[in-house]
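Subject: Handover of a structure

Dear colleague,

Please find below the structure that I am handing over to you. The notes after it set out what was found.

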Amino acid sequence: MVVKKLHDAGLRSEHAYTAAVASIGLTVVSWMGSIKGETAGMDRADRWGIFVGEWAPTFFGLGLALAQYED
């Protein structure tokens, strides 16, 4: 039901896969930016990286669901 609504709204599996790959890159960027831009240290940078890194599996799963729906 959710996948059908997303598909009807124009979201395709390629969009979800692209978001997953982009979130992996954003993980590295946010981790490095937090290390260099904040004085909180490595722990906070790791938390930022992990927070953003958790998005990728969600987008990959959504991409798989949309790909199955498209077939």
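Leaving aside its neighbours within four places in sequence, Y17 is in contact with F60, G63, L64 and A67, where contact means heavy atoms within 4.5 Å. Y17 belongs to helix α2; helices here are DSSP runs of H or I with at least four residues, numbered from the N terminus. With a relative accessible area of 27%, Y17 is partly exposed; buried means under 20%, exposed over 50% and partly exposed in between, for a 1.4 Å probe and protein chains only. Between the C-alpha atoms of Y17 and G61, which are 44 residues apart along the chain, the separation is 8.9 Å.

Please note that this is a predicted model, in which local features need pLDDT of at least 70 and side-chain atom pairs count only at pLDDT 80 or more, while totals for chains, interfaces and linings use all residues. Residues are numbered from 1 along each chain as its sequence is written, and side-chain values use heavy atoms, with hydrogens and water left out.

Further residues of α2

Helix α2 covers residues 13–37, and S13 is found in it. S13 is buried, its relative accessible area being 3%. Apart from neighbours within four places in sequence, the contacts of S13 are G63, L66, A67 and E70.

T27 also has its place in helix α2. This residue, T27, is buried at a relative accessible area of 17%. Its side chain reaches the backbone oxygen of S23 at 2.8 Å. Not counting residues up to four places away in sequence, T27 touches G49, V52 and G53.

S30, likewise in helix α2, has a relative accessible area of 18% and is buried. When residues up to four places away in sequence are not counted, S30 touches W48, G49 and V52. S30 and D46 are 16 residues apart in sequence, and their C-alpha atoms are 9.3 Å apart in space.

Helix α1

Residues 2–8 form helix α1, in which V3 lies. Neighbours within four places in sequence aside, V3 is in contact with A65, L66 and Y69. The C-alpha atoms of V3 and Q68 are separated by 9.8 Å, although the two residues are 65 residues apart along the chain.

How the helices pack

Two packed helices are described by the angle between their axes and the distance between the axes. Axes are lines fitted to C-alpha atoms, for helices over the stretch in contact, and angles run from 0 to 180 degrees between N-to-C directions. Angles under 35 degrees count as roughly parallel, over 145 as roughly antiparallel, 65 to 115 as roughly perpendicular and the rest as oblique.

Helix α3 (residues 42–53) packs with α2 at an angle of about 165°, and the axes are 8 Å apart. The two helices, α2 and α3, are therefore roughly antiparallel to each other. On the α2 side the contact is made by S23, L26, T27, S30, W31, S34 and I35, and on the α3 side by M42, R44, A45, D46, W48, G49, V52 and G53.

Helix α4 (residues 55–70) packs with α3 at an angle of about 5°, with the axes 5 Å apart. That makes α3 roughly parallel to α4. F51, V52 and G53 of α3 make the contact with W55, A56 and P57 of α4.

Yours sincerely

How values were computed
A polar contact is a pair of N or O atoms within 3.5 Å; within protein, one must be able to donate a hydrogen and the other to accept it, and residues adjacent in sequence count only if both atoms are side-chain atoms.
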